[in-house]
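Okay, thanks for coming, everyone. Let me put the structure up and then talk you through a few things in it.

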Amino acid sequence: MSLDQLIESCKINNTKAQSELYKLFSSKLFSVCLKYSRNYAEAEDNLQDAFITIFKKIDQYKNKGSFEGWLKRVTINTVLQKYRSEKVFDIINENVIDEVELDVDEESISIDYLLRIIQELPDRYRLVFNLYVLDGYSHKDIADMLDINIGTSKSNLARARQILKQTIEDYKSTQSLQSL
């Protein structure tokens, strides 16, 4: 069955087609959920919620653009909706922002460690960091998606980078002490 046929079958609530679509895209969408979730178990819950939303809204996909891109947007929006309802964002004074550069040495820091420390960020920082740095959204887009102002988005990104930078520096100094 082609992807187009699979999508059309999902639109008429064919459970076999839904199962097949889940098998095809669940691992990619799980990695999206993991990026935006606090932990593995929450990512699993978010994936299930995302697929429920996908199956409810699949008739809104009009075969324009990438289907995988559409799935990813629905998944991100489903996860973000939970955080919007939790009111995890504080209004921040826009004058507080200092740009922080993150310099990551891939040889001394594993990708697993980096993903773990990103996941440990407070919700508001993690969400903005992932949307901006990993998924390439603008601060305006992030502000619209999270129902915050642009200054809050910029400030949360700067604070996320500060926390990550400090965590990485602490990790590196611990590693160099252990190698002595």
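This is a predicted model: local features need pLDDT of at least 70, side-chain atom pairs count only at pLDDT 80 or more; totals for chains, interfaces and linings use all residues.

Let's start with Lys 35 and Asp 135, whose closest N and O atoms sit 2.8 Å apart. Lys 35 is in helix α2 and Asp 135 is in the loop between α6 and α7, so this pair ties together parts that are 100 residues apart in sequence. Is Asp 135 buried or exposed? Buried, at 18% relative accessible area, and Lys 35 counts as buried as well, at 18%.

Next up, Asp 123 and Arg 38, with 2.5 Å between the closest N and O atoms. Here Asp 123 belongs to helix α6 and Arg 38 to the loop between α2 and α3, so the bridge links parts 85 residues apart in sequence. Asp 123 is buried at 13%, while Arg 38 is partly exposed at 32%.

Then there's Arg 116 with Glu 120, at 3.3 Å, N to O. Glu 120 is exposed, at 53%. And through shared partners, Arg 38, Glu 42, Asp 123 and Arg 126 end up in one salt-bridge network.

Now helix α8, residues 150-178. It spans 42 Å from first C-alpha to last, close to the 42 Å expected for its 29 residues. Its buried residues, including Leu 157, Leu 164 and Ile 168, pack against α5, α6 and α7. At the start of α8, a side-chain oxygen of Asn 149 comes within 3.1 Å of the backbone nitrogen of Gly 151.

Last, the surface: Tyr 132, Val 133 and Leu 134 make a nonpolar patch with about 220 Å² of accessible area together.

How values were computed
Residues are numbered from 1 along each chain as its sequence is written. Side-chain values use heavy atoms; hydrogens and water are left out. Patches are made of residues with over 30% relative accessible area and no salt bridge: like charges are joined within 9 Å, nonpolar side chains (Val, Leu, Ile, Met, Phe, Trp, Tyr) within 5 Å. Accessible areas come from the Shrake-Rupley method with a 1.4 Å probe; for residues, only the protein chains shown count as cover. A salt bridge is a side-chain nitrogen of Lys or Arg within 4 Å of a carboxyl oxygen of Asp or Glu. Helices (H or I, at least four residues) and strands (E, at least two) are DSSP runs, numbered from the N terminus. The expected span of a helix is 1.5 Å times one less than its number of residues. Buried means under 20% relative accessible area, exposed over 50%, partly exposed in between (1.4 Å probe, protein chains only). Contact means heavy atoms within 4.5 Å. A polar contact is a pair of N or O atoms within 3.5 Å; within protein, one must be able to donate a hydrogen and the other to accept it, and residues adjacent in sequence count only if both atoms are side-chain atoms.
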